[in-house]
Amino acid sequence: MLNTQPNSAEILDWPTIPVAQVYGRLTRVNGLLLEAVGCQLGMGDRCNIECRDGRLVEAEVVGFNKETLCLMPIEHTSGLMPGSRVMPVAEQAQIPVGSALLGRVIDGLGQPLDHLGKLNNTQTVTPSNRTINPLQRKPIREPLDVGIRAINALLPIGRGQRLGLFAGSGVGKSVLLGMMTRFTEADVVVVALIGERGREVREFIEESLGEEGRRRAVVIAAPADTTPLMRLRGMRLSHHIAAAFRDQGKQVLLLVDSLTRFAQAQREIALSLGEPPATKGYPPSAFAQLPSLVELAGNGKHPTGTLTAFYTVLTEGDDQQDPIADSARAILDGHIVLSRKLAEQGHFPAIDIASSVSRLAKQVSTRQVISWGHTFKQLNSRYNDVRELLPLGGYQAGHDTQMDLAVSAYPKMAEFLQQEIEQKSELTQSLNELEQLINLIKADQ
């Protein structure tokens, strides 16, 4: 009987059979949403879709219906056909971290946009959405100098605080962000330009950041013409990069423009999946994403690292009760409101002191400074009560001593609140000027 079993030497000579790759097929394209069958993928997994010209388009699983996967592309799709191959991507997405990112401009995938070559000498880590144990977060006790007199003196901010800049369009949010980028004392500044006009990216880098500010900054840009998923990724990428620097013991400042565009991107995806709209067209998932994003910022476990975040919030039609603004106000540690009326009067920065608040002012400031701030706000509020009556002659002095004091002191108070774009007002200087102003007002009483 012949021995048909090959010996070990013959087995070694056999060619290696490649492992078969399992792929699915594209079955439907419905607006932003792609549907595919035949792939074993879970929520958040990635895949590549083959186009007619052989190009691969990356997509992410955002939902499923029985055996059908719902995919959202990272880039705009063109050349997709019925039956296009859908190939799973085995490795998880990686994000670049490290000092080599400083001075660079990247997109939502971490790819360079500045034509300065590849990101060399950077580490890559797998993003994690695990929240920090609230009992392990470093408490906020140290004040932060943002270089803006009105904020330093009347709205004290602490390192690790998360605040919102609430304003309508064209009131000066981006200019104020640029000033804070240049003036704030921080080791690293992470700027996320999400969903804004494409021309503003270069303007912000060249004019607001400048050469000096760019050397310590990382800019993540996902303009309005990118896909909703790219905008979401860009927003989360900025938070992961900022958190990585914080966990290295750095003093980090995160500037986000804007939180509203992030919510709108989530709305586009949710509505494509068939989620019913709730408040002003926003589905429930848009509001659920906001706290999970904001909680990535703030202080962490590191004893010296801090992460302070500023989020711009677009109040459409200057409506402070806009659903996104209202939700953001509830989850942030304070809000700074910019007034269109002040901006039209040439008052810059157009900060409405009466409507703004820092919830951690008492933790990072002294009782004396808080008392000065209360006196300033009381006089400012009393003046606003009669502002419209003054041109009409409807207010007569001598009936209310406090009101008379507010009217006479307002020109000095308005001058204190205003600041030139290139002018920096350090924290100590701001407090000294506030003290001098309050003493001057009391002397006139």
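The model is predicted, so local features need pLDDT of at least 70 and side-chain atom pairs count only at pLDDT 80 or more, while totals for chains, interfaces and linings use all residues. Residues are numbered from 1 along each chain as its sequence is written, and side-chain values use heavy atoms, leaving out hydrogens and water.

Let's start with the whole chain. It holds 13 helices and 16 strands; helices (H or I, at least four residues) and strands (E, at least two) are DSSP runs, numbered from the N terminus. The C-alpha trace spans about 125 × 45 × 40 Å along its principal axes. Of the 445 residues, 51% are buried, meaning under 20% relative accessible area with a 1.4 Å probe, protein chains only.

Now for the barrel. Six strands close it in the order S1-S2-S5-S4-S3-S6, with antiparallel pairing; two strands pair if DSSP finds at least two bridges between them. From one strand to the next, the twist averages 45°. S1 and S2 pair in the antiparallel sense over five bridges, and Arg28 stands opposite Glu35 in S2.

Here is where these strands sit in the chain:

| Strand | Residues |
|---|---|
| S1 | residues 24-30 |
| S2 | residues 33-37 |
| S3 | residues 46-50 |
| S4 | residues 56-65 |
| S5 | residues 68-73 |

What lies across S3, S4 and S5? Helix H5 (residues 228-247) does, running at about 90° to S4. Such angles run from 0 to 180 degrees between N-to-C directions, with axes fitted to C-alpha atoms, for helices over the stretch in contact (heavy atoms within 4.5 Å).

Technical notes. Buried means under 20% relative accessible area, exposed over 50%, partly exposed in between (1.4 Å probe, protein chains only).
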